[in-house]
Amino acid sequence: MIDAIIWLFSQIFGGFYNLAYALTHPSLWLDWSNKEAIMRVVYYGGSVEFFFVMFDLFLLLTIAVMANRRFGWATVRFMEGFGNLFGRVFAWAGLIMVLQQIVVVFIQRVFARADMVFGFGIPLQYDISWWGEELKLYNAIIIALCVSYTFVQGGHVRVDLVYSAVSFRAKKVIDMVGSMIFMLPMSVVIWMYGWYFMWRHLIVPKPSASDTLERLVMKAKALRWNVERIGFSPNGFDHYYMFKVLLCLFAAMIFIHSFTFLYRSWLEFVEGEASAGKYLDRDTLGEGEEAYEGTH
């Protein structure tokens, strides 16, 4: 037990050192003309060291939010605005998906064409099955990048058998506990698995989560980009590596909003029921349509 406590505190204090070292030596991980720098990014992106760097930043931000409610609300508004911005931009992928599906059906059934060509000057020509399978990417974009936006807008399905029957402050406690034991850990787990899953489809030699930094630096001598472009069908969509990138972005969006929701719940708990929904930026369907809001 004592060894575990010593290890924990050494990692926490080591996180501050690692953050300072990374900021003062950017060429070690930002200079991607150096293959070793790429391997350092691969290693540290899914490492214990990176986890404690993020933990330290989260700890400092949490202390600042609890010490100054004005700063706390500013942080909540900024983070929720970030999630709303992403959601409102990438939600348009849904419209693109619908329009492209209509064009695919029209071209395939009416003109009986086997391919589609788009472009202004430089044509973009793929088999009709490529355009059909690409619709999955738009769906993945909506899920991965609109998750925070949907949460802010109250669009996720909730089962409120207990939550709806308790007091306001009890609800805030449930929200804070849920953020800490469900949202934050889940985002970390998805990131840890998704990070190496993504890089194994981008470079060779393929990195492993069990590789040490020294081993990855040694592998850097043979490193080359090898973005896998293998489709499920011979002429189908062949950019499935983008789904791996979206998986990491999905984890990052959940992580950001998990502590944003934690801070909002804390501030509303402290200030009382009068602060419920304070500064909450939700879309509206217009006057008289309030009954339908939150059901989309």
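Author: Helices (H or I, at least four residues) and strands (E, at least two) are DSSP runs, numbered from the N terminus. This is a predicted model, in which local features need pLDDT of at least 70 and side-chain atom pairs count only at pLDDT 80 or more, while totals for chains, interfaces and linings use all residues. Residues are numbered from 1 along each chain as its sequence is written, and side-chain values use heavy atoms, with hydrogens and water left out.

Reader: Which residue just after H11 takes a positive phi?

Author: Helix H11 covers residues 241-271 and reaches 46 Å from its first C-alpha to its last, close to the 45 Å expected at 1.5 Å a residue (the expected span is 1.5 Å times one less than the number of residues). Just after H11, a positive phi of about 95 degrees is taken by Gly 272.

Reader: Is Leu 184 buried or exposed?

Author: Leu 184 belongs to helix H9, residues 168-199, and touches Phe 58, Ser 179, Phe 255 and Ser 258, not counting residues up to four places away in sequence (contact means heavy atoms within 4.5 Å). Buried means under 20% relative accessible area, exposed over 50% and partly exposed in between, with a 1.4 Å probe and protein chains only. Because its relative accessible area is 10%, Leu 184 is buried.

Reader: How do the rings of Phe 259 and Tyr 263 pair?

Author: Rings of Phe, Tyr and Trp (its six-membered ring) pair if their centres lie within 6.5 Å, and planes under 30 degrees apart count as stacked, over 60 as edge-to-face and the rest as tilted. Phe 259 and Tyr 263 both lie in H11, four residues apart, about one turn of the helix. An α-helix has 3.6 residues a turn, so residues three or four places apart point the same way. With centres 5.7 Å apart and planes at 50 degrees, the pair of Phe 259 and Tyr 263 is tilted.
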